[in-house]
Amino acid sequence: MSDMSVTAPAPGPDLVVPLLHWDAVVIVADESVTVELADSELQVDGLPPAQAARLLSLFDGAQTLDVAARAAEVPAQAAAALADKLVEHGAAVRLRDADADISTATFAASCRTLYRGLRERLASHPMWAGLNRGELPKSVFMGWLLENYHFIDGVNDRLALATAACPDMKIRPLFAKHYSEEWDHFSYFMTALSVMGMSEAQVLATRPLAGTRAVLEHMRSSARRDPLQYAACSGFLESTGEDRSAAARVFERFTRHYASDKPEAIKALADHLHLDGVYQHNSVVENICSTIERLSVARASAALQAAVLLVETMEMWSSDILRAYSGRETPPRAGFGPIRPR
Amino acid sequence: MTAEQSNPAAQPAASPARSPLGAASRPLLRSEVQLSRADDDLIAAAPDTEYAFHGASAAALAPIAHQLDASLTVEELAGRAGVTAAELAATLDVLAADGLVIDLQEAFENPTPARFLELYLQVCKSWSTEFSSAQFWSELMSGATPPAVVLGWGIETYHYVESANEHMAASVAYCRNDTVVRRWFAQHYVEEHDHGRIFLDGLEACGLIRDQIRAAPPLASTRALINFLVELATNDSLAYAGTYGVMRGGSSIESKDVTKLCDKLTSQYGYATGLVEAIRAHSAEDVGLDHNEIVLARWLKKRGHVSPDDAQRILRAARGMADHFVLFFEGIRDYYGTRGALVPRRPCDARWLTV
């Protein structure tokens, strides 16, 4: 942790607009305020905690430093010193070219960096951690498998719509090709479920969790708004298979914990991952960015937001699976029963 | 068959017109009932009373207890439990007689609109208890909810109310086969279109910044609820109309209940008075506009029939609505209850990439 004493007399220019990172967590304690980032944290000293927290909330990319300082009733010099420290530690930026376009190469590279952090965040969810360690009951594993069947089959909900709704004739063929390579991948999960003892009729009679629908419907919503938003979401999904050796380790653990007597179930999932690798779907963002000439900040922001919201939705989905299937003897949800076990 | 009731005086409201369960019945256990094992007995705990099933009746119920979701008939369930349909029907009828098991079969046998609505409102009321009894509410009523969660609840409610301009607008635009129903949807939408302002005003009065609230991305769970409604409004007008019974909790909103709730919240969360007043004002507007009469009721009366497919679509939509409300309240606790959660949330900003 770095100590920050807000005493340096270094007021910023009149039109400085500080923007705290969207991922920053602000912890307000009795005596101090701490700004937590993914890989570091900063302590804000020298200001009453309530005022410091108020000032940080005003570093929103809309208020100038002067306006923020006045609204938080913080001396201008102290506010400028805090902004400087945050910028120095990578927690905030000073905005000067608010209306500038972004290069598509920068956007694609930023997505790649963003995905890495988001993947780690998703992998640390208690459902993933619990399945990896074999600590969760088999009902959760079966629930995960069943809901993933619905999710994979949902390519017909999301990618078909992304193709149909795409107004850009340079992008639409890319979606169409991707769809033609993915539309029947549900069969891998149907095979896995069949090996685990569920008949096709049983699988088709089940009602997906609201969390499963939510992931698909978020992607449908993104597809309707902008193909770039859809691509940013799709890029994250495809990036999850990037580390083949990590995926192989996960499958090996799943086999050991939940399917030691039926390894062919997990082999079907590994075959699916392998096929995705052959198709090289992981470059979806780069491919689509290569067709875009100018990218406004507003459009890029919305696409980043769509990707982050997708991951938040997948976290919610994971919680939904964990909560819905932890107490069940068998997973199928076919009728009008409650979303949570009794 | 043996079953004992712990509090025979406390009788839940039974269905007004009920036939005994039979082999073709599709039993749905009400959401308020919790089933558990106690040695060889099976206990069905309802809010006011408890039923203890012993011996053969406990043995018959135990293997199918988690399948009382109306997907199977009594005959099919009996096959799984290894008893006769008559035996299982008699066991379940103890709960059905007190309204704790609802036979949904009738909903799929071309009932009159009035009878279907009776069943529909009964299940909506039951399903709405899944979110009205969520931990979020018990904590809120106890006064123990932290400020971030209280204000976060207000922000997510704002997003949900504001989303009338997505799902209600879509319900009008995609209702293309019945101009009368479209007019009902349109009238409802017009009455609701600017209610987000009430919550913005309330949250601003709590010290939050209006533009930050508007720019804040809704939680994934809130977005899921909105997207669910948009998809139904876009693809199936009748199913969309079927969600409103759950929104209304299967019954009319009593203004005195809202007053009581708001008075209690004001006394416990003084810093959120602006938000509480927004809830009061929004409720008053809805009651004044007579939104308690849902479009579905008018629509079914106008059609004069409810086909099995209609029933399936309406009930699935209502069930989905309850599921999404459960996620909505879980999402608020999960996110805003986390240490350091930003209130309001910050949107992604690509200007970070330009410097």
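**A strand and its chain**

Reply: Strand β5 of chain A, residues 41–45, has a covered face made of A:L42 and A:V44, while A:E41, A:Q43 and A:D45 form an uncovered one. Burial is judged by counting other C-beta atoms, placed from the backbone, within 10 Å of a residue's own: 20 or more is buried, 12 or fewer exposed, in between partly exposed. This is a predicted model, in which local features need pLDDT of at least 70 and side-chain atom pairs 80 or more, while totals for chains, interfaces and linings use all residues. Residues are numbered from 1 along each chain as its sequence is written, and chains are lettered from A and ligands numbered from 1 in the order written.

The neighbour of β5(A) is strand β4 (residues 33–36) of chain A, which runs antiparallel to β5(A) and is joined to it by 4 bridges (pairing takes at least two DSSP bridges). Within this pair, A:E36 has A:E41 of β5(A) as its bridge partner, and a hairpin of 4 residues leads from β4(A) to β5(A).

Turning to the contact between the chains, 48 residues come from chain A and 41 residues from chain B, where contact puts C-beta atoms, placed from the backbone, within 7 Å. On the side of chain A that touches chain B, two or more residues each come from β3 (25–28), β6 (92–95), α4 (104–123), α11 (210–225) and α16 (297–325) of chain A. The largest share of that side, 12 residues, belongs to α16(A). Helices are DSSP runs of H or I with at least four residues, and strands are E runs of at least two, numbered from the N terminus.

Conventions
Two residues are in contact if their C-beta atoms, placed from the backbone, lie within 7 Å.
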